[in-house]
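Hello,

Here is the structure I promised to pass on.

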Amino acid sequence: MLIKPRLEDHKIVGFYLGTVLVGLGAAMGIPLLTALCFREWNPLLDYSLSGAITLSLGFALRLSCFTKKEIGWLHGLTVAALSWLVAALMAALPLYFSGGFGSYLDALFEAMNALATAGFSLVRDLDHLAVAHNMWRHLLMLLGGQGIVVIALSMLVRAGAGGFKLYAGEGRDERILPNILHTARFICLISSLFLVLGTAVLALILWSEGLPPVKALLHGLWLFMAGFHTGGFTPQTQSILYYHSWRLELALLGLIILGIFNFHLHYAVLSGDKKELRRNIELNIFFLSVLLGAFLVFWALIQRQVYPGLLAMFRKGSFLLISAHTSTGYTTLYPAQLFREWGQLALLALMTAMSLGGSVCSTAGGIKILRLGLIGKALRQDVQRLLLPDNAVLAEKYHHIKDAFLNDKIVRGAALITLLYLAVFLLGAVAGVCYGYPFFAALFESISATSNTGLSCGIINPALPAGLKIIYLLQIWAGRLEFIAIFGLLAYGWSCWRGK
Amino acid sequence: MRYLSVLFFLLGALAAAEPIGSAELIVQAAKYDGRRVVYQGEVIGDILPRGDKVWLNVHDGQNALGIFTTRSAAAQSKTAGSYRQRGDIVRVSGVLHRACAAHGGDLDIHAEKIELIAAGFPLARPAAKWKIVLALLFAALTFSLGRLNSRLK
Amino acid sequence: MAKRRAASGWRTLWLGCTGLLAELLYPLALLAGVFLLAAALTLVLSHAH
């Protein structure tokens, strides 16, 4: 029997959404200060107004929905699902007020891409965008990557059992440390450490490649924020091609690979357990997966004689492949070039790489390596079982931070989510075909959206039909939440309608 | 007869001088690879030095292309586009490379000549008055709601 | 007590720095592997033609 959520349940959801909005509104202070420093008066007004609207809404929700009732699992999932939508709606405000987007839908698309660390952009004149607006676009990638929910939790809410339910709803399904507050603060600490070091390295490289010091620092910061969180936004329309720098490309490759490490792994290695780098199932599979993808990409590029030599082919091929596999979306090729010159085999390799993605509990998108590993091990176990007598007991182990035994529940969960991803990839492709795009291109774009990569073959641009924008937006949102929280939201909605 | 051939030559020269759009250059890169092309657009961002040569990025409204050229040729352009500035409009004549061997496979133009077509100018960005009014109203609302919020237990 | 805390602080920093260097080895190893693969394929396929 379905129990209909009561007013108190709606209040819990409303209260936590309000908390998230207060955090988001406060975060608008950063681009506001940026606008002040660079004397960009219109952006200053954009962030003052948007910040005030967001904070007002957040405070209003907290006031009207204040309740002492404890947060439950379904609430957590619902809040996680709605947070992304609500945060994107509000984060789009300053972008819309800037006048740099064709419509509010375009600004919303940009905001969702930023928060979900996808990376498609519909901005009309990126090369003339204000510093404050670029600060916001890239900061949103940091905020989204860290998980809006986690940040709001650690700053505004006391620790308790309720906190974990929100965190798990986010799509990061493992606890690093017992106390949710400590987990959130730990994620922020590691990320801050990387932020300082990463920005310094990138800024130095950019300065040596000819950018003036202030711009080198800003671009270094933005490329770090978008790179480490495997987002893929850049401050210029040419993406990484703008800089014409192999040093930068190399540094970014290092950064985005570190960005797909599970946060558990960062914790383990940075606390002294370096052996984890060799034993971890996800890193091992990722290594092999990249090599396999590289084999296919280079084979295709050599056959088609796309590049004039080994170095050029390595530089372009490895950058695009790793950018795709880590679901970052940085590119050193024009979309039309990628699609016309690389050929179907190389593009299939990229699509597979995008679908697989990175580690769980990281900012990467895609099906996730651990799920692939678990399904692979389960297959191996089933094959072995066929060869053994019926009453033989077979236990398969895998190492992920600690040793664990494979069980049916884990495998079922991995397999179901994988199937959901594949289904959404296909549905998105069909939607693209309905709008008149060729199937292969539509499939590429659909996979890129659902896996939150952001590499485009040319379909996603400001002239994209509104209906398809909404479809891709939903795919990006679903992919970010790895579906679980969306089912929570649907279950909540269903029980509102049909429950007693 | 001689008059006709001179006329055709002039027409041909004029046609050759028409700039080609970036979209065409990218999509038909294989066709233009290694050939002399004319490209026109706004200089954006930064001029990036590389020894005695420089990189310019020139945007023609559809895409930005990387232009590799000598410092003296690049000196034609003094202003690059940014938030406050419309950059110089330049006409670039040079050889297009679909996948430049010298530059890691990048699509670029090695420019032999850069002509300044129109100088850049500062962009006026006047503050919108309605934003000021609304911002003040919402700021007041935020402040009062915030005070009430701080009393929540 | 303060000395012990300071010692543990230095140890945390040392572990963090060495851990970070160890982490950087992974992308380096990966890129090296990809490069070797590219070189090998180029060699093999150029001989095949």
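Please keep in mind that this is a predicted model. I'll begin with a pair of helices in chain A. Helix 17 (residues 343-356) of chain A packs against helix 20 (residues 439-450) of chain A at an angle of about 25 degrees, and their axes are 9 Å apart. Angles under 35 degrees count as roughly parallel, so helix 17 of chain A and helix 20 of chain A are roughly parallel to each other. Their crossing is left-handed.

If you want to find this contact on screen, look in helix 17 of chain A for A:Gln344, A:Leu347, A:Met351, A:Met354 and A:Ser355, which meet A:Phe440, A:Leu443, A:Phe444, A:Ile447 and A:Ser448 in helix 20 of chain A. By class, the residues of this contact are 7 nonpolar, 3 polar and no charged.

Next, the contact between chains A and C. Chain A gives 24 residues to it and chain C gives 20 residues. On the side of chain A that touches chain C, the elements giving two or more residues are helix 11 (246-259), helix 12 (263-270), helix 14 (281-303) and helix 15 (310-325) of chain A. Helix 14 of chain A supplies the largest share, 9 residues. This side of chain A has 18 nonpolar, 5 polar and 1 charged residues.

Finally, chain B has a closed barrel of 5 strands in the order 1-2-3-6-5, with mixed pairing. Neighbouring strands there are turned by 55 degrees against each other on average, direction ignored. Strand 5 (residues 89-100) and strand 6 (residues 106-118) of chain B run antiparallel and are joined by 10 bridges. B:His97, for instance, has B:Asp108 in strand 6 of chain B as its bridge partner.

Best wishes

Notes: Residues numbered from 1 in each chain as written. Chains lettered and ligands numbered in written order. Predicted model: local features only at pLDDT ≥ 70, side-chain atom pairs only at ≥ 80, totals over all residues. Axes fitted to C-alpha atoms, helices over the stretch in contact; angles between N-to-C directions. Helix = DSSP H or I, 4+ residues; strand = E, 2+ residues; numbered from the N terminus. Parallel < 35°, antiparallel > 145°, perpendicular 65-115°, else oblique. Left-handed = near helix turned anticlockwise from the far one by under 90°. Contact = placed C-beta atoms within 7 Å. Nonpolar A, V, L, I, M, F, W, Y, C, P; charged D, E, K, R; others polar. Pairing = 2+ DSSP bridges.
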